[in-house]
Amino acid sequence: MFAWQVRLPDFEGPLDLLLFLVSRQELNILDLPIAVITEQYLRVIETIGIDNLEDAGEYILMSATLIAVKARMMLPRPEAAMEEEFEDPRRDLAQRLLLYQKVKEAADDLARREEAMAQRSPRNIHDLPSLDVPRLEELLERVSLYDLAKAYDEVRRRFEEQTVHQVNLFKVTLEERMAWILEQLQGKPHFSFLTMLRLESARLLWVISFLAVLELARRREITLEQSLPFSDLWVCHPLRSTLEAA
Amino acid sequence: MENGLIATEENLRALAEALIFASAEPLTEEQFAATVGDIGKEALPQLAAELNAEYEKEGRAFEILHVAGGYQFFTRPDYNAHIQKLLSERSKSRLSRAALETLAIVAFRNPITRTEIDEIRGVDSGAVLRTLLERRLVTVRGRQKGLGRPFLYETTSEFLRHFGLADLSELPRDGELTREWDPAERKEEAQ
């Protein structure tokens, strides 16, 4: 068993745990006894219990990686292969560990700097993290009682509108809406999609109208034109585009 | 100059002191030179050092630090306890281990995608990154070309200020971190 206690929150992830095992035993990252380290790693995971792991997926992934490396280490080395060409199966893992070790050192360095700076107060700097964020007081400076009343009124009105929508449930089907749109195209070559929406006040109807337009376009019963991205849509008779009409 | 005071060798140090004192953000060398004229070009680091030597001699409670690309007054650490008492609402919270690691990685690679951060840390860094964005220690610089056009993150000047860094060159960079692992090197060590 382990001579040391391992609690999960002490680790930032599987790499951190591995580095802990490595440093505790003063192992060389470049020449890891992979069988030993794999066994220890798995035992720690088992001891903690996979359910208690915050990043369980990542810990399991690392288990798999370790086992795969261990397996490849046990394969006989091709004698014919040049010694230099032989790629150590532990190479990737060692590189990741070395890189992560550097990250930890850099994080330690940052922590020291943060601690040192926390002991000092700058002159003339706002407490807000960035100066381009307006302070709440500044934002509220120009707000009058009238503005507040107006804002409240708007919210109230929006709320009331919503209530009305909930009461009047529309019984419009997609088919009906499609028929209606085609009907609109009887007399004229095209019409504006946004203008059509403005005739209606119910959000549900907007959605159905949009779906109807899409479906009709798909069936090539209408064509759609748009002059700019996000601008109004022209719902057109399939044979007559706005360009011709213009 | 409007009030007749012309920047000279004699008053340059006092001018530097005045401008650093009055500036809301760290005073840069460029701002200084633009304000006092050519005589102030590249003089600020030396002037700041001279001022600091004076303050030190006189036992003043503050000094000038080189942070986020400029020069700014900071109180000395000795007075922190009392200052914190005065500014009682602002108890400075320290960043978590995960946040520090993530910041270190972003600083190495400036800019970097989230996937790359996850790979280096071996765990998901999404939540940490969101916190750092909220605290404005990192920001989105743009999107990487190619598949999925992922966001590219980089550190901010707030990051430099938070850690008391003049610029990123004070931190280890990419090259030192991605040193290739050479099996031959290992063999040598084993001998």
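Predicted model: local features only at pLDDT ≥ 70, side-chain atom pairs only at ≥ 80, totals over all residues.
Let me begin with the sheet in chain A, which is open, has three strands in the order 1-3-2 and pairs them in the antiparallel sense, where two strands pair if DSSP finds at least two bridges between them. Its edge strands are strand 1 (190-192) and strand 2 (223-225) of chain A, each of which pairs on one side only. On average, and with direction ignored, neighbouring strands of this sheet are turned by 25° against each other.

Residues are numbered from 1 along each chain as its sequence is written, and chains are lettered from A and ligands numbered from 1 in the order in which they are written.

Staying with the sheet, strand 2 of chain A and strand 3 (residues 234-236) of chain A pair in the antiparallel sense over three bridges, and A:Thr223 has A:Cys236, in strand 3 of chain A, as its bridge partner.

Chain A as a whole has 10 helices and three strands, these being DSSP runs numbered from the N terminus, with helices (H or I) of at least four residues and strands (E) of at least two. Along the sequence the pattern reads α-α-α-α-α-α-α-β-α-α-β-β-α.

The axes of helix 7 (residues 174-187) of chain A and helix 9 (residues 203-218) of chain A come within 9 Å and cross at roughly 70°, the axes being lines fitted to C-alpha atoms over the stretch in contact and the angles running from 0 to 180 degrees between N-to-C directions. Helix 7 of chain A is therefore roughly perpendicular to helix 9 of chain A, a description that covers 65 to 115 degrees. Among the residues making this contact are A:Leu174 and A:Ile181 of helix 7 of chain A and A:Leu211 and A:Leu216 of helix 9 of chain A, where contact means that C-beta atoms, placed from the backbone, lie within 7 Å.

Finally, how many residues of chain B are in contact with chain A? There are 40 residues of chain B in contact with 39 residues of chain A. Several elements of chain B each supply at least two residues to the side that touches chain A, including strand 2 (70-75) and helix 4 (80-86), but helix 5 of chain B gives the most, with seven residues.

Conventions: Contact = placed C-beta atoms within 7 Å. Parallel < 35°, antiparallel > 145°, perpendicular 65-115°, else oblique.
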